[in-house]
Amino acid sequence: MGNADAAKRLKGEVFRGRTHLRCVEKAGMAESTNEDLESLPRGGFRCRLCHVTVANKPSLDDHLRGKKHQRLESLRSVRQAQELRSVFVSGFRKGTPASELSDYFQAYGEVVNVVMDKDKGVYAIVELQDREVLEKVLAQTQHFLGGQKLRVKPREKKDFKYTPPRKQGSAKRQQLSPEKLAQELCQADDVDAQMSLLVQLFEFSEGERRLRDLLVTLFQEVFLEFFPGSAILPFGSSVNGFDVSGCDLDLFLDLEKTKKFQASSKSPMETPLAKDGASPEPDACSEDSILSDIDLASATVPEILELVATVLQKCVPGVHHVQVVPNARRPVVKFCHKESSLRGDISIDNKLALRNTRFLQLCTETDERVRPLVYAVRHWAKQQALAGNPFGGGPLLNNYAVTLLVLFFLQTRSPPVLPTVARLKELSEGEEQTVVDGWDCSFPKDSTRLEPSSNTENLCALLAEFFHVFGDYNFAGHVISLREGQPLPVPSVLKSDVGSKLKLGPFNLQDPFELSHNVAANVNAKTALRFQRCCQVAAKYCRSLQYQRKSSKGKIWGLVRLFQPGTAEAEVLAATGLIIDFPLTLAALSAQSRELLCQTGDFHQQWFQKVCASIAFVLRDVLKCSCLETQEGLEEEQQAVTECEQGEQQTEVKAEQPSAGGKRSLDKEEAGSSSPSPKRPRTDNLFPEGQSMTWNCTVWHKVWLGRRRVRRQLQGPQAEPQHTAGSLELEAKVSEAISQQAGEGRPADPLFQFAVRARAGASASGERDTRLSLHFDPAPEQAAAFQEFFHFLQGFLPRAVERQLASEA
């Protein structure tokens with residue numbers, strides 16, 4: 001009876017809250033306007049209560065009269081009324097039931113509800129009938145229960161905050177906070193046990209797995225009604241062995257048999273047969289069928305997806321938020337299942353994904369270390385903001401790319417943990433030899449046919465070695481190939497059949513079957529560099545005892561510190577120094593220029609000279625810095641190189657004061673030339689051959705300030721094609737305009753001077769690299785003034801150099 005009375009009183013509070021809202025609305029909704037509404041600087045309004053932004057006053061009025069706003073205002077009124085008649089109680093024994101507290105406070109008046117602290121059970125909120133009962137409770141100076149003195153005080157008043165409902169996944173799994181995850185992992189015995197536990201904490205529960213199976217069965221039954229012979233096949237994280245609770249449900253709608261059925265139904269001489277050999281249902285061939293207005297064989301993918309979306313919206317129970325995404329690399333129909341909040345998508349031209357899924361399953365079945373290692377690396381990458389963008393897209397790695405990277409690492413161990421895709425092809429036979437969309441996807445179905453690995457490394461050592469390997473890896477200069485199980489140099493890939501189709505970038509990771517697809521093509525140079533440096537920091541931590549041994553003092557250890565967000569980033573920023581890295585950006589060059597560059601005798605040297613020439617051009621001609629160049633030769637012996645570097649550390653090279661044009665001084669060879677320099681010289685041949693180049697630079701004006709405003713002024717309302725935003729000619733004019741605004745001519749003293757050295761990269765093994773890094777060294781007394789300019793260069797210089805490379809192509 002007590003609970004029923006409480007429910008009645010709660011309904012009464014809701015009713016009174018709604019009555020109050022009507023009074024407020026009649027009074028012009030002044031209360032909402034003053035407390036809940038915010039006027040935006042550029043027009044429009046934001047409702048702080050509902051987290052909703054509207055464009056104008058009519059839309060605002062509609063929102064305030066809407067069900068959502070009124071419901072939340074009513075709920076807030078109820079909560080505020082509850083606060084005014086509730087007390088906070090602590091001091092009782094742990095494990096005290098709510099009924100015991102309720103019985104105690106019943107002596108002062110009726111108790112509406114008791115809410116216990118679920119986590120620790122050391123406090124409770126007791127809601128009383130009204131303020132009169134509350135005053136009686138507070139008037140009593142001391143309260144005792146079970147021999148324990150209770151601490152009773154009025155409930156703290158808090159601002160009402162609306163928390164939107166969860167949109168994804170299982171609520172049970174989403175409650176696994178970082179704190180709880182750390183607590184669970186710290187209880188394990190060693191790092192191997194932590195990694196195994198991580199899989200158990202993240203993978204599907206049995207309930208979620210059954211739910212997904214039921215949804216697939218439901219979709220199959222519905223689509224068979226409209227597309228005879230069709231099949232709904234799940235792929236991706238749900239079934240590839242790397243499932244994470246709450247991940248999307250990816251489905252492939254196979255319409256091959258439906259197309260054959262439709263073609264045969266049009267022929268009067270043939271009668272289409274169902275799977276069991278019986279005649280199909282009459283509706284499938286009638287004019288009322290959904291297939292009567294479309295020819296699946298000739299229809300475009302977007303047209304078929306619109307049909308699929310119609311079936312989802314109107315015929316699948318519990319499905320809403322259906323949306324066709326026709327312009328994606330693989331067009332899909334997105335949907336959400338209302339009751340489970342499970343999101344997913346359906347594609348119709350993605351057979352390769354089925355083979356990729358089965359390949360990942362095979363890898364998990366081949367060696368039990370695969371799953372824990374993949375889960376650990378993926379969670380680490382997500383915590384360091386390197387992967388796992390929840391909204392898709394962007395410059396981060398996706399989970400599929402991270403998974404392939406781990407599999408490649410296991411292929412390259414000595415001895416290997418996993419076989420290469422080429423080896424799997426050799427082991428395939430009969431029906432296992434499959435070609436999908438022109439790509440060879442052959443591998444054995446049964447993992448028992450594969451030879452067990454003789455590698456005995458444990459998970460702790462494998463994870464540490466993963467970070468060590470990729471902490472010094474040339475992602476831009478090589479293409480990671482799971483088919484061959486080794487990195488392929490970019491020049492050799494460009495000369496291959498897929499070279500012209502493969503989109504190269506700062507991070508090159510080839511799909512194991514669709515060889516023209518770089519699964520990390522979306523990753524930009526900044527993310528690639530951060531991934532590498534975060535691996536370096538992680539590798540350093542993995543060499544410590546804090547990673548390898550469980551703490552006897554209750555401190556975090558093992559994976560827990562590795563998973564802390566931002567830890568690696570903070571250490572990277574502290575250790576990086578004034579360095580800007582340039583990956584191999586061959587994508588900026590034309591196909592002809594790439595081919596010519598790859599045919600040269602020394603690809604690395606030619607590329608280094610080309611990038612250095614572009615860097616010099618941007619610093620001198622675009623940013624109007626005075627630059628004096630020096631270089632060390634490639635053919636010098638190591639002793640001479642060492643002496644040269646020691647001499648540079650002891651000698652201060654003063655920048656020569658150039659004339660008003662800001663051009664550098666000519667050396668003897670250039671001074672002997674009789675022809676004048678053109679307006680935009682080609683700088684390819686200005687440098688002798690070498691692996692290191694140094695510029696001593698002088699900055700005269702703050703060309704990094706106000707560039708956007710000056711750029712808009714120069715462009716005008718109708719910008720010429722050659723003067724679009726980002727063109728180097730326009731950027732040079734922006735620098736010139738800023739210099740002129742600062743005053744006529746060049747100032748007597750420069751703002752600051754700095755030296756910058758370009759170095760060709762080299763891996764830890766000594767292998768020549770295609771990466772290039774710029775090391776900046778400002779004068780010590782000018783370091784503070786240089787920081788602002790360096791921050792500007794970090795974003796501007798790599799993009800400008802890439803544009804210069806493209807323009808010279």
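**A close look at one strand**

Reply: Let's start with strand 6: five bridges join strand 5 (residues 111-116) to strand 6, and the two run antiparallel. What you have on screen is a predicted model, where local features need pLDDT of at least 70 and side-chain atom pairs count only at pLDDT 80 or more, while totals for chains, interfaces and linings use all residues. Residues are numbered from 1 along each chain as its sequence is written, and side-chain values use heavy atoms, with hydrogens and water left out.

A quick word on terms. Strands (E, at least two residues) and helices (H or I, at least four) are DSSP runs, numbered from the N terminus. Two strands pair if DSSP finds at least two bridges between them.

Back to strand 6. In general, strands of a sheet pair through backbone hydrogen bonds, either parallel or antiparallel.

Is strand 6 (residues 123-128) enclosed or open? Five of its six residues are buried, so strand 6 is largely enclosed by the rest of the structure. "Buried" means under 20% relative accessible area, "exposed" means over 50%, and "partly exposed" lies in between (1.4 Å probe, protein chains only). Across the protein chain, 46% of the 809 residues are buried.

Now compare that with an open sheet elsewhere. Three strands lie in the order 1-2-3, with antiparallel pairing. Strand 1 (37-39) and strand 3 (52-54) are at the edges with a single partner strand each, so one side of each has no neighbour in the sheet. Neighbouring strands here are turned by 25° against each other on average, direction ignored. Strand 2 (residues 45-47) is joined to strand 3 by three bridges, and the two run antiparallel. Within that pairing, cysteine 47 has valine 52 of strand 3 as its bridge partner. Helix 3 (residues 57-65) packs on this sheet and touches strand 1, strand 2 and strand 3; its direction makes about 145° with that of strand 3. Touching, or contact, means heavy atoms within 4.5 Å.

Next, the helices. For the angles, axes are lines fitted to C-alpha atoms, for helices over the stretch in contact, and angles run from 0 to 180 degrees between N-to-C directions. Helix 8 (residues 178-186) and helix 9 (residues 191-202) have axes that come within 9 Å and cross at roughly 140°. That makes helix 8 oblique to helix 9. As for the wording, angles under 35 degrees count as roughly parallel, over 145 as roughly antiparallel, 65 to 115 as roughly perpendicular, and the rest as oblique.

Which residues do the meeting in helix 8 and helix 9? From helix 8 come Leu181, Glu184, Leu185 and Cys186, and they meet Gln194, Leu197, Leu198, Leu201 and Phe202 in helix 9. Sorted by class, this contact has seven nonpolar, one polar and one charged residues. The classes work like this: Ala, Val, Leu, Ile, Met, Phe, Trp, Tyr, Cys and Pro are nonpolar, Asp, Glu, Lys and Arg are charged, and the others, Gly among them, are polar.

Helix 9 also meets helix 18 (residues 459-470), with the axes coming within 7 Å and crossing at roughly 85°. Helix 9 and helix 18 are therefore roughly perpendicular to each other. In this contact, Val191, Asp192, Met195 and Ser196 of helix 9 meet Leu459, Cys460 and Leu463 of helix 18. The class count is five nonpolar, one polar and one charged residues.

Phe219, Val222, Phe223 and Phe226 in helix 10 meet Val308, Val311, Leu312 and Cys315 in helix 13. By class, that is eight nonpolar, no polar and no charged residues.

Finally, zoom in on isoleucine 738, which sits in helix 29 (residues 728-741). At 8% relative accessibility, isoleucine 738 counts as buried. Leaving out residues up to four places away in sequence, isoleucine 738 touches Lys702, Val703, Leu705, Arg707 and Val710.
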